[in-house]
Amino acid sequence: MHYTVANNGPNAPEVHPVFSPETAEHLNAAFKELNKDGITPQINSAFRTNSDQAYMQSGGSGTNPAAKVSWHQAGAAVDINGTRSPQFKTIISVMKKNGFSWGGDYKSKKDPPHFDGRQFMGNLNQAVRKAQSYWDSTQ
Amino acid sequence: MNASRVRTIKTLGLRSVLWILIVGFLGAISSAQASTPEQRQMASDNSASQNFFFGTSHDSKLGTMAWLFCIDKDRHKGQIFVAPRMVGFSELNLGVDGTLTFQSLDFFGKNYRFKGTLKSSEITGDMQLVDAKSGNPKDKWQLTATQLSGQNPRPGEVTPGRYSNVDYSTEGGDFTGVDIRFFSTNTGTTGMIVFYESYWGEPTFTPLAFSRVEASEGAIKFEVEMPNGVAHYRVRTTDTGGVFNREDAAHEKGEKGVALKRSRSVFTAAPGKKG
């Protein structure tokens, strides 16, 4: 299974390609399929610490307090580069087939690079707590 | 005696209020005649630009990076654009000999520290990215910056402005879109592009500087130097903004480009807000 990690430069949070076990399983299957099609996905963002997400939120105009928690904080989301590239349609279809929800399908503000495991992950807040405490224990 | 004094003060008070109202009314009329909202915006931007500097530096992994910062010499304050917003300085020192040092507040556990000189509206020096916790340097760039002139563009140049579709998706927790800003300098049009969503594999959150800005009827073309070569972009201008596309990339059949909204102010940073 092959993927690359984007170099986003000094202003972005570090990319941590760390995933919850459920997400990793689905992602492995999806990326293997993409690799077979000759596509090497480039990960732009994956796991985020609570403080990184909070900082990101504060730079935006988001006002919905219920949405302040992201699947990125649960290690259950991945942003993939190249949303206007010809192969992105294949990426969307393969990721969806492997259980991921796509941000381009959101009814409100769309998030095309974003795929998350809300369909197989269960409770978001519990998943965030688990992922954050795992991350803290490794630091 | 006391009653007479009170009456005089009251009368003076009423006269003053009347005078203020009349002067205010006349002022409002003359200001409405003298400036349209567009002129007022331009005047405000011109005044703001006096403190703004636009710089570039080379990075082997990212290409030509752009830097936008604001320095208030009188109040020893400043801000640096850390996409998507301006981040304040925790300290700024400007010596009489032109020595300039500043440090930004922390973002994502990091901060910027600059050491150099400010002479004749030009800043040169080293910008360092530092780990906020340990104080260890993470990266360093040689930077040259020029004070933005705020002057009106010469014929054939691009009018300063911002083309953007940047937004924050609360559901996904991500910024999306692209932000393009054209600035006016004494040597012509310059500017920067920040991808919050990597459309064709570009680095995100990094302001990248343009080169070869060309304005023709109905379109603005510019180039961006990246490590894997020069990328060619075009904004086809419309009544409300533009349609953005990369000219040298493969496109999906029927791809129409990215719709952007235009705003006059180039210095506001918060996405999703009018600016």
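Across the interface of chain B and chain A, four salt bridges are found in what is a predicted model. In one salt bridge, the side chains of A:Arg48 and B:Asp174 meet at 2.5 Å, N to O. Polar contacts were also assigned across the interface of chain B and chain A, where 25 residue pairs, both members at pLDDT 80 or more, meet the rule. On the side of chain B that touches chain A, at least two residues each are supplied by strand S3 (77-82), strand S4 (85-94), strand S6 (110-119), strand S8 (137-147), strand S10 (167-169) and strand S11 (174-176) of chain B. By residue class, this side of chain B divides into 22 nonpolar, 12 polar and 13 charged residues.

In terms of contacts, 47 residues of chain B are in contact with 43 residues of chain A. In terms of area, the two chains bury about 3,600 Å² between them, of which 48% lies on carbon and sulfur atoms. Of the area that chain B buries against chain A, 21% is supplied by B:Phe108, B:Tyr168 and B:Glu171, more than by any other three residues.

The side chain of B:Thr206 reaches the backbone oxygen of A:Asn8 at 2.7 Å. When neighbours within four places in sequence are left aside, B:Thr206 is in contact with A:Asn8, A:Gly9, A:Pro10 and A:Asn11 of chain A, and with B:Leu62, B:Met65, B:Ile193 and B:Val194 of chain B. The relative accessibility of B:Thr206 is 1%, and because buried means under 20%, this residue counts as buried.

Within chain A, five strands form an open sheet with mixed pairing, in the order S1-S2-S3-S5-S4. Strand S1 (4-5) and strand S4 (101-102) of chain A stand at the edges of this sheet, and because each has a single partner strand, one side of each is left without a neighbour in the sheet. Strand S2 (residues 42-45) and strand S3 (residues 77-80) of chain A run antiparallel and are joined by two bridges. On strand S3 of chain A, A:Asp79 is the bridge partner of A:Ser45.

Conventions: Residues numbered from 1 in each chain as written. Chains lettered and ligands numbered in written order. Predicted model: local features only at pLDDT ≥ 70, side-chain atom pairs only at ≥ 80, totals over all residues. Heavy atoms only, no water. Contact = heavy atoms within 4.5 Å. Buried area = accessible area lost by both parts, 1.4 Å probe. Polar contact = N/O pair within 3.5 Å; in protein donor to acceptor, adjacent residues only side chain to side chain. Helix = DSSP H or I, 4+ residues; strand = E, 2+ residues; numbered from the N terminus. Nonpolar A, V, L, I, M, F, W, Y, C, P; charged D, E, K, R; others polar. Pairing = 2+ DSSP bridges. Buried < 20%, exposed > 50% of the residue type's maximum accessible area, 1.4 Å probe, protein only.
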